[in-house]
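I opened the model to go through its loops, its nonpolar cores and its surface, and I kept these entries as I went.

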Amino acid sequence: MHTRALYAGSFDPMTLGHVDVIKRASKIFDELTVLVTVNLAKESLFSYEEREEMIKEVLGDLPNVSVDRCDGLLADYVNSHGFDVVVRGLRNTADFDQELAMDQLHKHLYDHCETIYIISEDRYGFISSSMAKQVISLGGDGTVLVPEPVLKRMRMKYGLE
């Protein structure tokens, strides 16, 4: 069976935790689409185009991974593209609680798609995009938080390079 999976997020910025989940998911599924989505609760540092470019730059060596973007309802994108699986990353129990509520909603919205969770490796469990923004904007060492191409762009955005 050929499985098509989707990993969606705002990726503003993409972190090493995101990269870990993507690389691990790409080994499990035949095709993996990384979907850049809108998060109405957050003000974006990077445009859709910039986030998409960075993801492609970081993941260019993964042949079964593609990148797309969506500014509408995730369930509509999932259903219209016929995905088998939606991948979500979990760092801790707080993530689990949030994801559980979303999963219960999605069971009503997805036509025929399951959600699969990948638990982050310990070394990435503390990382969040908001933490990366805070540390890097203040001139801190971001090498343990985001991939090098992302770090370079963040430093430029914050006027640090």
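I looked up proline 13 and found it in the loop between strand E1 and helix H1 (16–28), where helices (H or I, at least four residues) and strands (E, at least two) are DSSP runs numbered from the N terminus. The model is a predicted one, in which local features need pLDDT of at least 70 and side-chain atom pairs count only at pLDDT 80 or more, while totals for chains, interfaces and linings use all residues. Residues are numbered from 1 along each chain as its sequence is written, and side-chain values use heavy atoms, with hydrogens and water left out.

I noted that the peptide bond joining aspartate 12 and proline 13 is cis, with omega about 5°. Phenylalanine 11 is likewise placed in the loop between E1 and H1, and its phi is positive, near 50°, although the residue is not glycine. I set both entries against the general rule that most residues other than glycine have a negative phi, and most peptide bonds are trans. Phenylalanine 11 has a relative accessible area of 2% and is therefore buried (buried is under 20%, exposed over 50%, partly exposed in between, with a 1.4 Å probe and protein chains only).

Next I turned to helix H3 (residues 74–81), whose buried residues are Leu74, Ala75, Tyr77 and Val78. They lie on the same side of H3, because they cover an arc of only 160° around the axis, taken from the directions from the helix axis to the C-beta atoms. These buried residues pack against strands E1 (4–9), E2 (31–37), E3 (65–70) and E4 (85–90) and against helix H4 (93–109), with contact meaning heavy atoms within 4.5 Å. After H3 comes glycine 82, with a positive phi near 65°.

I then examined the largest nonpolar core, which has 34 residues; Met14, Ile22, Leu32, Ile55, Leu59, Val87 and Val146 touch the most other members. A nonpolar core is a set of buried Ala, Val, Leu, Ile, Met, Phe, Trp, Tyr and Cys residues joined through side-chain atoms within 4.5 Å. To this core H2 gives the most, with five residues. Leucine 59 touches Met14, Val19, Ile22, Val34 and Val65, leaving aside residues up to four places away in sequence. Another core, of twelve residues, lies apart from it and includes Cys70, Tyr77, Tyr110 and Cys113.

My last entry concerns leucine 105, which I found in helix H4, and which is partly exposed, with a relative accessible area of 41%.
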